[in-house]
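Look at the sequence and the structure before reading on.

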Amino acid sequence: MSTQKRLSKRNLMLFLILTILIVSFLYPLYFMLINSLKTRTEYYVDPFRLPHEGLQFNNYITMVSQFRILSLFKNTFIISAGTVLLLLIIGVLASYVFAKVPFKGKAVVFLAVLMTMFVPSQVTIIPLYVGFSKVGMVNTYFSVILAYLALFLPEAILLMTANFRVIPDELLEAAEIDGCNYLQKIWYVVIPMGRSAIFLAIIFYFIMSWNDLFTPMILLTKMEKRTVMVALAALMGRYSGSPTFQFAGLLLSAVPALVVYFIFQRKIIQGLSMGAIK
Amino acid sequence: MLVHTYKRSITLVAILSLLPLILILLVMRVYPIAIAIARSFTNWDGIYQKDWVGLRNYIEFIREGPFLMILRNTLILLLNVPLQVFFGLLVALLLYERVIGWKFFRAVIYTPQIISAVIIGYLFRIFFGFRGPVNIILKAIGLESMAIEWFGNSYTALAVIVISITWYGIGWQAIVMLGGMSSIDPSVLEAAIIDGANYWQRAFRVMFPMIIRVIEFGVIASGVWTLTQLFPFLHVMTRGGPGYETTTLDYMIYLKSFGFSFGINYGMACAIAVILLFIILALTSLEMLVSKRAEIGRRA
């Protein structure tokens, strides 16, 4: 009885500490939201107060009409979706070979692929930029997608290979007896069986490419090709006098990744705690 | 005979499946690394000149450039690693108790990782701006003298960056540590309770030694992260300034290649990239060595 009481008292304390921590993590989002709905003057009078002069949607309207955030979303979406799609096609094919197809020197090839994971993107960006400009590929979405593929593939393959390895060989043999060819085996057996890893890769690398700044900033120099984060980083400095406008922009650009996260967060956290992805 | 052709077709399929991957890695990773290393010994400008200059880029960077300042900045910024790991462990310990709503807490604690570093950098820049909320609070509680221009001085600017990246990293650390903790056999902890160990003894004497591998991984991974992924934070918060006062190796590569319209020196930037590459390779092989040692230890 007494231990139980002490336990619940302790639980209450832990609950309170966690609540304080959570508030410190959510407060900035809340702060951005309330202030993005104010006028500049109202913000400077008291930034902590809820908007009381009526909600101002002007900041968001300007974000769409002048900052053209929707077309920035479109650019970013093309790059993120293209990256994820190609990542899956190339990654699943390669992971299946690494997991299930025996051939000489496989371990060496696998290790070599993983080794490239540790090289920071700053090391390769200058030769890449010069190379892309020689073949006229600077300012194309495909250049960024290719750079992302090279950065993400080793990690994604590590994740998927581990997952495909535990698919029972009997299932693959049974599919073969039923007349499946190589690709049909992957489509009907490997992909459904490895869906947790594939799903995790889709969400994770979509968010990664949505949020990235460095690679698209170097490879996309034309205004109309820019991704959201590149445009934010370049243009927000110009609006440093109107924080409410900045808040609207920051919040809007965070929304797509946050929505994806909160729909699928259980799967993401599961994958992370398995230590699958850094 | 039949087996032979079967084997050959399997090898062909394997090669075809791996071909796109290998091509991408060769063209987009291996070749650029080779070029970066080779050009670090030249006065490359990306277009016309690439004359051999030997070790001049390296020597010039270490002797004359803001090398010492970069070293100082990096060491200060690395302070985020112990902070991240400490708070991550603390949060993981709290979550491990599975109080009501722990799954919600776990989800929220990870949200900074989902938000782009660009956005977080801006957020902290506005929060610590001269007319920002932090200074307003400081003034309101009578600490007028502490309400300063945070980004005007290198030490306070670096402190704000450390705070922001710690805030960003805690969630990742907590989830990884929690993953390590949940693989501990609960009967071990129960045995410790029976032996009369209190909560802190259980945490420090039983739990931490059992997840020491995970802690090591957290330390090295966030160390590597600090050395390679600060670009967006620095770019939106300080641009490496004032002067080079908040510049790191990875930001210096950018400044020397795409950053200023003057002082562009691809050869020098490649030399800095090679230095960074070797630091990262040293750190990751340390991590591998540690994990191998742990594996052997476990087997023995």
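**Domains**

Chain B is assigned two parts, domain 1 (2-57) and domain 2 (67-246). The model is predicted. The points below are grouped by topic.

- In chain B, the centres of domain 1 and domain 2, taken over C-alpha atoms, are separated by 37 Å.
- Chain A is divided into domain 1 (2-36) and domain 2 (61-273).
- The C-alpha centres of these two domains of chain A lie 34 Å apart.
- In chain A, four residues of domain 1 are in contact with six residues of domain 2.
- On the domain 1 side of that contact in chain A, two residues are nonpolar, two are polar and none is charged.

**Contact between chains A and B**

- How many residues of chain A are in contact with chain B? There are 60 residues of chain A in contact with 65 residues of chain B.
- Helices of chain A that each supply at least two residues to the side touching chain B include α1 (2-36), α6 (121-134), α7 (141-165) and α13 (243-273).
- Helix α13(A) gives the largest share of this side of chain A, twelve residues.
- By class, the side of chain A that touches chain B has 49 nonpolar residues, ten polar residues and one charged residue.

**Helices α4 and α10 of chain A**

- Two packed helices are described by the angle between their axes and the distance between the axes.
- The axes of α4 (residues 69-100) and α10 (residues 195-211) of chain A come within 9 Å and cross at roughly 145 degrees.
- The crossing of α4(A) and α10(A) is right-handed.
- Among the residues making this contact are A:Thr76, A:Ile79, A:Leu87 and A:Gly91 of α4(A), and A:Ile198, A:Ala201, A:Tyr205 and A:Trp210 of α10(A).
- The contact of α4(A) with α10(A) has eleven nonpolar, five polar and no charged residues.

**The largest nonpolar core**

- In soluble globular proteins, nonpolar side chains tend to be buried together.
- The largest nonpolar core here has 157 residues, and A:Ala201, B:Ile272, B:Ala273 and B:Leu276 touch the most other members.
- Helix α7(A) supplies the largest share of this core, 16 residues.
- Which residues does B:Ala273 touch, not counting residues up to four places away in sequence? B:Ala273 touches A:Gln122 and A:Val123 of chain A, and B:Ala36 and B:Ile253 of chain B, with that exclusion applied.

Definitions and conventions: Residues numbered from 1 in each chain as written. Chains lettered and ligands numbered in written order. Predicted model: local features only at pLDDT ≥ 70, side-chain atom pairs only at ≥ 80, totals over all residues. Axes fitted to C-alpha atoms, helices over the stretch in contact; angles between N-to-C directions. Helix = DSSP H or I, 4+ residues; strand = E, 2+ residues; numbered from the N terminus. Left-handed = near helix turned anticlockwise from the far one by under 90°. Contact = placed C-beta atoms within 7 Å. Nonpolar A, V, L, I, M, F, W, Y, C, P; charged D, E, K, R; others polar. Domains from an automatic or database assignment. Core = buried A, V, L, I, M, F, W, Y, C linked by C-beta atoms within 7 Å. Buried ≥ 20, exposed ≤ 12 C-beta atoms within 10 Å, placed from the backbone.
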